[in-house]
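Subject: Structure handover

Hello,

Here is the structure to look through. My notes on what was found in it follow below.

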Amino acid sequence: HLDEQYGGQGGGIDHLAAVIEEFAYALLPGPFVPTVLASAAVAAADVSPVRDGLLVQFVEGATGALAARGFVAVRSRDGWVLSGSSGPIIGLASADIAVIVADADDGHMLFAVPVGQLAVTVVPSTDLTRDVAMLDVDGFAVPIGSVLYGSSSSRLGALEAAVWGAEAAGIMRWSVDASVGYAKIRNQFGVPIGSFQAIKHKCARMLVTSELATAAAWGAAASLAQSEAQQQLAALAVSATLDDAIDLVTEAVTIFGGIGFTWEHDAHLYWRRAIAISGATGGVAPARGGLGGAALVESRAIEVEPEGDLGEFRARTGGLLDAALELPCGAEGPKGHHDDERRWFLAANGLVSPHWPAPFGLGASPAEQIVIAEEYARRGMPQPTTIIGEWAVPTILAFGTDAQKERFAAATLRGEIEWCQLFSEPSAGSDLAGVATKAVKVDGGWQLNGQKVWTSSAHEADWAICLARTDSTVPKHKGLSYFLVDMSSAGVDVRPLRQSTGEAHFSEVFLDAVFVPDDCLVGEPGQGWRITTATLQNERTAIGSGFGSGPEAPIRDLVAAGEYVGDRQAALGELGVLIARGIALLGMNTRSTLRRLGGAVDATSSLAKVASAKLARDAALAGVRLAGPAAAVTPEGDGVVRGQLGVPALLIGGGTVEIQLNVIAERILGLPRG
């Protein structure tokens, strides 16, 4: 991470974080991480002979440690006078150079002092692979030649978070891999324990937590190129969740059983390191409160800069959006875009669903999609959505006839067709292969009979995508076919279901001898399962990527307004936990976008779905806790109560969390089927 002119390799903090993660995975002992953190802090200071000389020393093998908190500096005639006491500092006892951060009249300052000149007290280390010591200084004189200028507290905090967060991420990844590896070979009752759903779900949740931690550490590194406020948010988000590493090693130990609890196994060494990191970085609880307070005035934003020359594409997109803004906007609400000139213009120019292939979209690459989203946002202009059409029409474009594409794609983009999805049934929810709705061949088409349920927006939809059984003599997933159903057809009976919120967003739908013409069968009879799989993947990707740090918004509003019960610091801590999870999820989705930009296949949609559902559930419960007696009253539009009552839709919609955990365990982690 140090510049080549000093003998370093010229990488950035993101490169350093990748190395640290790998070293943590291997449990590398010794002073490497404390030293690179200290040298990175020195490198962040203004260029000076002092700075340059220290960097050369570090490259040549000097060890170091960063004393990041607990000190003040007062200017003297010959330099500065340091006073203060630190908490435990990892690597201080084996360091040659202590880089001390102190508060001064001029802001945060750095002082590089040979450790041999300081009063260092070595203490027993929780981490058996590294030393820990404490530093006390009382009127210690530091000459001008040992002072470094120009480092902001926010930048140092982000550096520290990126380094320790990367190490925690490496420990967590080891916990996942070691647990999964053991679950594949440890047999109980004649089968690998990894085939038991309880173990599968435990391992899958561990992977989700590990990926979120990695994303948070990556976000801290990325924040170094952003504003001080963004650096503060990113750093606190890491610090507020460092105890996740402790919990993940604990989970690994429970999977190993008695073996993992013995001294001979490496698990306790990872466990001890995770505990030491969490403690030596200042503690999780203060970070949560600090993050809650910071989040009241600032929101985390991670910028993605697509590679390549997209200037001409950006200019063309911006010009089209400017032209669209001059056009009248149609009525809002169900089917409210029929007379919307702006929507028609955007659809005609491929800017409603730009990722769709031409002529309906632009066939926009991930990088071009980012540019389009940025141009919409720059104008404060909401990007249109076809809602269920975002899942239905791509399936038609992939498997349908040319006539079906022409009939449905453009009309959906213009807002003339609203869609719903007739998949779930009373006895076949997540088990879609168990669909019982029958489709019987008749002259000119098919006759459908059956019942669907939990159909979002069915009472508003013009058309539906429908899965029905056309052959009962073959294995259940092979006898399904995929139909397009006109919701105004005779025999379609839509009965809205009132939810616990009092609203009715979804319905049960009865199909009684509904005629579907041959030209509304997508693909061939019996191809329904293959086609449905594509639809579901579209759905899960859309839901997973749609969550960032939003579910905590009602809690932020509640805390900002002071409308909570109990202590303010406790309320800020509750908010901080949620903000930290949301920032990590935002980082996970951003990293997924970057992987797609690089042409890689990304498999994180199920991870994001599980993470976002957990965040929404925790946020809803926190809202009720903080609202206290106010939760007994439901004023119109109340966010806290409505948030709690709406949780099931987030846990079930798009595939239940439990199904997603099975997908993660079996398809990503490779655990055996039960």
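A cavity, on a 1 Å grid over the protein atoms alone, is a set of points where a 1.4 Å probe fits but cannot get out; a pocket is an open set with protein on both sides within 12 Å along at least five of seven lines, and lining residues have an atom within 4 Å of a point. Grid points are joined across faces, edges and corners, and a volume is the space filled by probe spheres set on the points.

Please note that this is a predicted model, in which local features need pLDDT of at least 70 and side-chain atom pairs count only at pLDDT 80 or more, while totals for chains, interfaces and linings use all residues. Residues are numbered from 1 along each chain as its sequence is written, and side-chain values use heavy atoms, with hydrogens and water left out.

Cavities and a pocket

There are 3 cavities of 30 Å³ or more. The largest cavity has a volume of about 160 Å³. Its lining is made by 18 residues, and Leu 212, Ala 213, Ala 216, Thr 241 and Asp 244 lie nearest the centre. At least two lining residues of the largest cavity come from each of α4, α5 (197-222), α6, α7 and α17 (568-597). The largest share is that of α5, with 5 residues.

The second largest pocket holds about 560 Å³ of space. Of the 30 residues that line this pocket, Ala 68, Arg 69, Ser 153, Gly 157 and Glu 160 lie nearest its centre. Two or more lining residues come from each of β5 (97-104), α4, α6 (228-239) and α9 (284-295). Here α4 gives the most, with 8 residues.

Aromatic rings

Rings of Phe, Tyr and Trp (its six-membered ring) count as a pair if their centres lie within 6.5 Å; planes under 30 degrees apart are stacked, over 60 edge-to-face, and the rest tilted. The count comes to 10 aromatic pairs. Tyr 182 and Phe 256 form an edge-to-face pair, because their ring centres are 5.2 Å apart and their planes stand at 65°. This pair links distant parts of the chain, with Tyr 182 in helix α4 (residues 153-185) and Phe 256 in helix α7 (residues 243-256), 74 residues apart. Both Tyr 182 and Phe 256 are buried, where buried means under 20% relative accessible area, exposed over 50%, and partly exposed in between (1.4 Å probe, protein chains only).

Phe 189 and Phe 196 make a tilted pair, at 6.4 Å centre to centre and 55° between the planes. Phe 189 is exposed, at 79% relative accessible area, and Phe 196 is partly exposed, at 29%. Phe 408, Trp 419 and Trp 463 form one aromatic cluster.

A charge sits over a ring if NZ of Lys or CZ of Arg is within 6 Å of the ring centre and within 35 degrees of the ring normal. Arg 414 lies over the face of Trp 344, 4.7 Å from the ring centre. Lys 441 has its charged end over the ring of Trp 446, 5.6 Å from the centre.

Cysteines

The structure holds 0 disulfides, a disulfide being a pair of cysteine sulfur atoms within 2.5 Å. For Cys 420, the closest cysteine sulfur is that of Cys 466, 9.0 Å away, which is too far for a bond. Cys 420 is buried, at 0% relative accessible area, and Cys 466 is buried at 0% too.

Backbone

Most residues other than glycine have a negative phi, and most peptide bonds are trans. A cis peptide bond joins Ala 358 and Pro 359, with omega about 10°. Pro 359 is in the loop between α11 (341-348) and α12 (366-378).

Leu 27, a residue other than glycine, has a positive phi near 55°. It lies in the loop between α1 (13-25) and α2 (32-43) and is buried, at 10% relative accessibility. Ser 457 also has a positive phi, near 60°. Its place is in the loop between β14 (445-456) and β15 (463-469), and Ser 457 is partly exposed, at 24% relative accessibility.

Regards

Key
Helices (H or I, at least four residues) and strands (E, at least two) are DSSP runs, numbered from the N terminus.
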